[in-house]
Amino acid sequence: QARVLLARAAELEGAGRTEDDLAYGRDAPGFRNVCLVERPMDDFGVAMARLLVVAAYQRELYADLRASTDPVLAGLAARAHGEVGYHLDHADHWVRRLGDGTEESHHRMQRALDDEWPWVEELFDASWLPDDLVASGAAVDLGGLRDRVVARVATTVRAATLTLPPSPADAADEKGRSGRLGRHTEHLEPLLAELQSVARAHPGAVW
């Protein structure tokens, strides 16, 4: 999925950059990922809570993008919709197992969900997305995904005997960070330094 998207972005940019240039050559401010996915995962419960949210979001996003007027996005979405379904099932299984397990696993799963939830709203913020892309049918209204995503997450949370935190719309980041606009947390820069180290040590190498 990442390779298709990066290659398409490089093509539309028209500056002669490749998917590898975009993956390995950008510094933190040049990335446009949501802050949710760059924060540390120091607990299995955190990993599963985040996967549950992200997979539920991607499932709904790709469902709508299957009708995109951009043929590359539509083709990717048709394939990726099924792929992320497996990710969603995996997260659903573990959140239920941990939430409805021992007292300790229940506590840690609830804590993980509480910690992740304030970062969820950025997934549905479309302020960075040009209106003409939505109007043309190339992109989708991200705000329109919120209710479906939250409902899907809530189904798992209830089955896991956990409590869904307040609406993500009421839990926006008070520090005004927006990964979509290049305003990231302090965690992205060291993460990129590690992930890009080999490519930057061997510029021009073919992988």
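Is Phe 44 buried, partly exposed or exposed? Phe 44 is partly exposed, because its relative accessible area is 41% (buried is under 20%, exposed over 50%, partly exposed in between, with a 1.4 Å probe and protein chains only).

## The model

This is a predicted model: local features need pLDDT of at least 70, side-chain atom pairs count only at pLDDT 80 or more, and totals for chains, interfaces and linings use all residues. Residues are numbered from 1 along each chain as its sequence is written, and side-chain values use heavy atoms, leaving out hydrogens and water.

## Around Phe 44

Phe 44 belongs to helix α3 (residues 44–65). Helices are DSSP runs of H or I with at least four residues, numbered from the N terminus. Phe 44 touches Trp 94 and Leu 98, not counting residues up to four places away in sequence. Contact means heavy atoms within 4.5 Å.

## Aromatic pairs

The whole structure holds 2 aromatic pairs. Rings of Phe, Tyr and Trp (its six-membered ring) pair if their centres lie within 6.5 Å; planes under 30 degrees apart are stacked, over 60 edge-to-face, the rest tilted. Phe 44 and Trp 94 are edge-to-face, at 5.1 Å centre to centre and 90° between the planes. Trp 94 sits in helix α4 (residues 71–99), 50 residues from Phe 44. Trp 94 is partly exposed, at 22% relative accessibility.

Tyr 57 and Phe 124 are also edge-to-face, because their ring centres are 6.1 Å apart and their planes at 70°. Tyr 57 is in helix α3 and Phe 124 in the loop between α5 (103–116) and α6 (131–135), so the pair ties together parts 67 residues apart in sequence. Tyr 57 is buried at 6% relative accessibility, and Phe 124 is buried at 4%.

Key
Helix = DSSP H or I, 4+ residues; strand = E, 2+ residues; numbered from the N terminus.
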